[in-house]
Amino acid sequence: MAPLIRLTLIGLYLALVAPLPLLASGAVRGALWLALPLGFALVLAATSEQVELSDGGIRVGHPPWCAWLLRRGWNLPWTAIGALTPVTTSQGGRVFYVRSTDGAAYLLPQRVAGFEEFLGRFSEATGLDTGSIGRISPPWTYQLLAVLSGAMLVGELAVALARG
């Protein structure tokens, strides 16, 4: 996953969830202090997807520390990739499915660092045209979300410091 996207989502989690134990009272406060690192670990795991391209094929999955929990990975040799199928999302964007020669479909990663290089290598290895494939959302959306998440964190820290 691209660092901008990963860090933005982690920052958003912290901005939304970190203040909750401070605002809660009684027994709920203790439970929230325990839940905070568990949720953080889940966000780290969910945003740690890796895409590896080799001479033999493509592998999409999570690192070993969280792969046991998130079993969404897939692996295909280049020779087993037969087509790319576009699908319109409910928000009006487009995602693409990698179709294997045996009929299985796998979601093409579109939130990777070096996306254009990734598409070039994918196209070169498979012979498929990737010219119509774009990012799911433009980088400015994640940049704006990162700024807003940072502002929320700073505001929450200022309020916490003011309260003493």
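Guide: F40, at 29%, is partly exposed, whereas Y13, at 13%, is buried. This is a predicted model, where local features need pLDDT of at least 70, side-chain atom pairs count only at pLDDT 80 or more, and totals for chains, interfaces and linings use all residues. Residues are numbered from 1 along each chain as its sequence is written, and side-chain values use heavy atoms, leaving out hydrogens and water.

Y13 and F40 pair up through their rings, tilted, with 6.4 Å between centres and 40° between planes (pairs need centres within 6.5 Å; under 30 degrees is stacked, over 60 edge-to-face, the rest tilted). Y13 sits in helix α1 (residues 3-17) and F40 in helix α3 (residues 26-46), so the pair links distant parts of the chain, 27 residues apart (helices are DSSP runs of H or I, at least four residues). The structure has 5 aromatic pairs; elsewhere, ring pairs join W78, F115, F118 and F122 into a cluster.

Back on α1, helix α6 (residues 139-163) packs against it at about 30°, axes 9 Å apart (axes are lines fitted to C-alpha atoms over the stretch in contact, angles running 0 to 180 degrees between N-to-C directions). That makes α1 and α6 roughly parallel, the word for angles under 35 degrees. In contact (heavy atoms within 4.5 Å), α1 brings residues including L4, I5, L12 and L16, and α6 residues including Y142, L145, M152 and E156.

Methods: Phe/Tyr/Trp six-rings, centres within 6.5 Å; stacked < 30°, edge-to-face > 60°. Helix = DSSP H or I, 4+ residues; strand = E, 2+ residues; numbered from the N terminus. Buried < 20%, exposed > 50% of the residue type's maximum accessible area, 1.4 Å probe, protein only. Parallel < 35°, antiparallel > 145°, perpendicular 65-115°, else oblique.
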